[in-house]
Amino acid sequence: MYLGVDYYPEHWDVNMMDEDMQRMKEMGVNIIRIGEFAWHLMEKIEGYYDFSYFDQVIQKGKKHGFKVMFGTPTATFPAWLAKKHPSILSKDEYNHERAFGGRRQYCFNSPIYREYTKKIVEKLVDHYKEEASIIAWQIDNEFGHEGSDLCYCEECHAKFVEFLQKKYENINKLNEIYGTIFWGQTYNDFSEIPLPKPTITTHNPTLKLDFIRFRSYSINDYGKLQIDLVNKLKGKHQKITHNFFGGFFERAYDQNEMAEKLDFVSYDNYPVWGGLVEPLEPSHIAMAHDYMRGLKNKNYWIVEELMGAQGHNIIGYLPRPNQAKMWAYQGMAHGCENMLYFRWRGMTRGAEQFCLGIIDQDNETGRKFKEVQSFIKDITPYEDLIKSEIKSSIAMLYDFDNIGSWKGQQQSYGFDFTKELLRLYTPFYYLNTNIDVISIEKDFSSYKVLLVPVMQIIDEDLGRRFEAFAKKGGTILFSFRAGIKDRNNNIHFEKVFPCIIREITGIKIKEGEALQEDHKVFIIGKDKYEGKKGTCSVWRDLIISESAKVLYGYEDKFYKENACITVNQYEKGKVYYVGAGVEEDILKDIAKEIVIDKELRYIESPKGLEVYVRDYNDEEWLFINNHTDEEIIFNGNIMMAYESKIMKR
Ligand SMILES: [Zn+2]
């Protein structure tokens with residue numbers, strides 16, 4: 001198992017390297033991640049490549065037996081390049097060029113940037129292809145992060161037009177699908193199509209979705225350029241990865257496409273960052289891990305595991321003693337099998353002065369050092385268990401087109417895509433079930449339960465797959481607005497909502513209502529939930545049951561005849577429909593009903609205590625993590641604040 005740190009020796013006096021590495025060794029490190037962001041150090045003057053600094057780092061590391069993950073440095077290009085070719089700089093939606101000075105401000109479609117990328121990557125990989133200690137290449141850094149997924153420059157505009165031309169071939173076809181007859185937007189030629197920059201009211205929804213698809217294509221195409229190059233040049237013993245950031249549902253970037261081309265997925269795990277008063281909810285952190293594992297349906301690496309408080313301008317919550325260690329255990333539970341901490345030492349200068357690491361500015365080995373040291377010592381004996389495969393009976397599905405569709409029209413001020421995923425994920429998380437978070441592109445036919453949050457795009461093909469799944473006995477849980485749109489982001493015509501899934505859900509929806517931020521509606525249980533009351537927000541579908549059983553209805557003067565939550569027996573399967581942003585307490589009952597009905601393994605635990613079950617060597621192993629600052633007793637074990645334990649069940 002690789003356990004190590006992100007090391008930026010170039011930030012410090014060269015004479016500190018030996019002592020740094022000596023202390024890393026004491027901490028238990030066997031791998032360092034270097035090189036990302038150091039383009040200027042490798043090519044100070046255009047065309048003069050010099051890797052001697054990193055030769056030295058690698059040689060010193062070898063003395064301690066350190067392996068290396070080396071980053072291609074393209075996330076931060078040298079100042080001379082920006083000065084010579086300002087056209088490489090990306091532009092925001094107001095046509096403002098992003099200045100040299102931050103990071104990731106290059107345009108993925110700039111032919112000049114792509115040429116310079118090829119040169120530096122070629123020279124770098126060629127130089128180190130035979131270096132035995134470099135076991136992996138990291139391509140760039142956090143593609144699409146911090147708004148770098150979007151660019152509105154002239155180069156991108158031309159490429160977007162080309163992208164549309166290739167997709168639609170004929171302008172009349174595009175006009176028809178976009179419905180440009182509306183507001184007289186009909187195009188005579190592809191070159192007339194705008195980028196969706198700010199305008200009065202809003203752009204065409206299909207144009208907006210195509211732009212998001214185009215942005216994703218641009219990032220993936222640029223990534224492919226590097227991946228192909230590295231593949232061609234690298235040593236056989238070297239693998240390729242990329243470090244994905246969290247918050248992926250907010251970016252115009254389908255990470256599945258890139259993950260396919262990588263040898264393994266890497267993730268930068270930050271449960272807290274600048275400005276957060278509290279860390280993310282435990283279920284939110286867990287869902288991100290399950291998403292990363294789902295990208296390749298395989299275990300993955302964490303190459304930036306948070307240790308200290310973080311912040312560029314505003315600083316966030318300080319992880320309490322042992323809390324960051326517990327997050328590391330949580331990552332291992334969910335399928336991380338090699339881990340590097342961010343970062344060895346916080347840098348006293350530069351933009352990330354307040355992104356703290358294991359060692360602080362005093363350069364002393366303190367509490368955080370000991371915490372990482374103890375984690376490495378404690379986790380190492382479990383290597384085989386940690387590397388074992390994770391099997392889940394439940395899959396939560398997402399679709400990149402659907403995410404893009406909601407991004408363009410959120411419909412309610414209260415709507416947040418990630419929160420809607422969590423609304424369905426969290427009740428099953430509380431029952432400590434294993435959940436895969438996967439794209440609809442993946443085969444989901446062998447799962448027992450599908451969670452399908454706010455899937456407003458459902459085309460015939462996807463509809464058939466859901467139908468087949470239910471037919472043979474699977475359970476599906478849809479939430480509101482499901483199935484209202486086609487793959488072109490247009491509303492299905494001459495179909496009653498929820499359109500293609502109407503038959504399997506056994507319901508129809510004639511009207512619905514956006515519930516804005518403080519707008520809450522009351523619901524009341526029927527049947528086995530008779531009399532139980534709850535609230536919903538964000539949206540409500542006014543459901544009319546056709547063959548479904550009503551589990552909850554609205555407590556409402558006008559709509560008390562309409563259902564809010566239903567379940568339909570469809571052949572051998574069951575199809576639930578949650579027609580509103582229903583509160584957690586109600587959905588916990590539904591989740592429990594489903595896991596009992598499907599005879600899935602589940603464990604009830606006190607709130608804040610996560611128990612992740614791994615099957616290994618015909619035995620069940622529990623990864624128990626206390627996410628709270630209180631002592632909790634579970635199955636006779638005392639779990640101190642933020643304590644983690646691994647044990648046989
Ligand atoms: Zn651009």
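**Exercise 1. Find which element gives the most to the lining of the second largest cavity, and with how many residues.**

Step 1. Strands (E, at least two residues) and helices (H or I, at least four) are DSSP runs, numbered from the N terminus.

Step 2. Know your model: it is predicted, so local features need pLDDT of at least 70 and side-chain atom pairs count only at pLDDT 80 or more, while totals for chains, interfaces and linings use all residues. Residues are numbered from 1 along each chain as its sequence is written, and side-chain values use heavy atoms, with hydrogens and water left out.

Step 3. List the lining: Asp290, His334, Tyr425, Tyr429, Asn432, Thr433, Ile435, Glu610, Val611 and Tyr612. Two elements, helix H15 (417-430) and strand E20 (609-616), each give two or more of these residues.

Step 4. E20 comes out on top, with three residues.

**Exercise 2. How many cavities of 30 Å³ or more are there, and how much space lies in the largest cavity?**

Step 1. Join grid points across faces, edges and corners, and take as volume the space filled by probe spheres set on the points.

Step 2. The count comes to two cavities.

Step 3. Around the largest cavity you will find, among others, Phe248, Arg251, Tyr291 and Ile403. Helix H9 (255-261) and helix H14 (400-408) are the elements giving two or more residues to that lining.

**Exercise 3. Which strands pair with E18, and in which sense?**

Step 1. Pairing requires at least two DSSP bridges between two strands.

Step 2. Strand E12 (residues 475-479) runs parallel to E18 over five bridges, and Ser479 stands opposite Val578.

Step 3. Strand E17 (residues 563-570) is antiparallel to E18, with six bridges; Tyr570 has Gly573 as its bridge partner.

Step 4. Two residues separate E17 and E18 in their hairpin, where Glu571 takes a positive phi near 50°.

Note on methods. 1 Å grid on protein atoms, 1.4 Å probe; cavity = no way out; pocket = protein on both sides within 12 Å on 5 of 7 lines; lining within 4 Å.
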